[in-house]
Amino acid sequence: MFMKPACPLHLLIAIATLLVLPALHAQSQEAEAKFELIGEDNFEQPTKKWQMLDPKSWQFTEVDGRGVLSQYVRKGEYEPPHRSPFHVALLKEGTVSDFDMTVSVRSTVEDYGHRDACLIFGFVDPAHFYYVHIGKKTDPHCNQIFLVNGADRKAISLTTTEGTNWTDNWHRVKVTRRVDSGRIEVFFDNFEKPIMTAEDKTLPAGRVGVGSFDDCADWDDFELRGTPATISETDKANAKEK
């Protein structure tokens with residue numbers, strides 16, 4: 001009797017891949033689609049969407065024909081209550097729990113070891129928030145994910161890189177957060193692999209923003225998608241107790 005040869009293993013794997021990948025892609029799209037658009041700004045016109053903690057350090061201006069939000073004063077007047085970024089611009093409307101935040105940024109200072117730009121999230125008040133410090137050369141205070149919780153900032157990164165390769169060009173940055181797992185991921189130019197990760201649930205909701213620790217930067221093409229949330233008095237009290 002003629003026996004039909006068995007299907008080669010590699011062919012079975014290929015068939016399975018063709019069947020599974022569309023489903024995974026659909027799940028990924030569905031996961032992204034669940035987030036509503038909370039806020040966006042291309043800065044082509046000055047807006048009132050932003051709260052600057054040091055207004056004199058910021059301006060809406062034009063760079064190479066594109067409107068930008070520019071943090072252009074390196075040493076301003078704002079003094080944070082604890083060691084944390086000196087330059088912060090917060091989106092006024094947009095308290096979120098889970099979120100995806102993407103923005104374009106251009107560092108405008110000379111190249112040095114702590115050349116940085118920061119993204120703010122989970123902002124409850126100036127003494128309670130998270131921020132991502134995207135810095136040139138990693139050390140305990142540079143190129144890390146930080147928590148400010150009623151004390152000087154504390155690095156909470158699980159993983160990071162040797163440093164972020166700042167140039168004078170524009171770069172695209174993304175920060176994602178999932179509160180149930182505590183997962184935080186930071187992407188720089190390549191959105192396939194995070195440059196930093198952390199897991200923390202201390203502050204379950206808050207506002208988001210951009211800025212720098214003590215440098216200068218221009219910002220453009222901001223987008224926030226996420227789950228709307230509120231900051232309760234219980235959340236504030238719990239944050240201060242931890």
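Welcome to a predicted model, in which local features need pLDDT of at least 70, side-chain atom pairs count only at pLDDT 80 or more, and totals for chains, interfaces and linings use all residues. Residues are numbered from 1 along each chain as its sequence is written, and side-chain values use heavy atoms, with hydrogens and water left out. Strands here are DSSP runs (E, at least two residues), numbered from the N terminus, and two of them pair if DSSP finds at least two bridges between them.

**The open sheet**

- Strand S8 (residues 128–135) and strand S9 (residues 144–149) are joined by 6 bridges in the antiparallel sense.
- Both belong to an open sheet of 7 strands, with antiparallel pairing and the order S2-S5-S15-S7-S8-S9-S10.
- At its edges are strand S2 (50–52) and strand S10 (154–155), each of which pairs on one side only.
- Strands of a sheet pair through backbone hydrogen bonds, either parallel or antiparallel.

- S3 and S4 are an antiparallel pair with 6 bridges, and Phe60 stands opposite Leu69 in S4.
- The two strands make a hairpin with 2 residues between them, and Asp64 sits in the turn.
- S4 also runs antiparallel to S16, with 3 bridges between them; here Gln71 has Ala217 in S16 as its bridge partner.
- Because 5 of the 6 residues of S4 are buried, this strand is largely enclosed by the rest of the structure; buried means under 20% relative accessible area, exposed over 50%, and partly exposed in between (1.4 Å probe, protein chains only).

**Two residues with positive phi**

- Most residues other than glycine have a negative phi.
- Asp64 is not a glycine, yet has a positive phi of about 50°; this residue lies in the loop between strand S3 (58–63) and strand S4 (66–71) and is exposed, with a relative accessible area of 74%.
- Asp221 also has a positive phi of about 50° without being a glycine, but Asp221 lies in strand S16 (residues 217–228) and is partly exposed at 32% relative accessible area.

**Around His82**

- His82 is found in the loop between S4 and strand S5 (87–91).
- Between His82 and His128 there are 46 residues in sequence and 9.5 Å in space, C-alpha to C-alpha.
- Leaving aside neighbours within four places in sequence, His82 is in contact with Ala127, Val148, Gly150, Ala151 and Asp152, where contact means heavy atoms within 4.5 Å.

**Aromatic rings**

- Rings of Phe, Tyr and Trp (its six-membered ring) pair if their centres lie within 6.5 Å; planes under 30 degrees apart count as stacked, over 60 as edge-to-face and the rest as tilted.
- The count comes to 11 aromatic pairs.
- Tyr131 and Phe146 are stacked, at 5.0 Å centre to centre with 20° between the planes; this pair links distant parts of the chain, with Tyr131 in strand S8 and Phe146 in strand S9, 15 residues apart.
- Tyr131 is buried, with a relative accessible area of 0%, and Phe146 is buried, also at 0%.
- Trp166 and Phe188 are edge-to-face, at 5.3 Å centre to centre and 85° between the planes.
- Phe43, Trp50, Phe60 and Phe222 make up one aromatic cluster.

**Charges over rings**

- A charge sits over a ring if NZ of Lys or CZ of Arg is within 6 Å of the ring centre and within 35 degrees of the ring normal.
- Arg66 lies over the face of Trp170, 4.0 Å from the ring centre.
- Lys75 lies over the face of Phe86, 5.6 Å from the ring centre.

Terms used:
Helix = DSSP H or I, 4+ residues; strand = E, 2+ residues; numbered from the N terminus.
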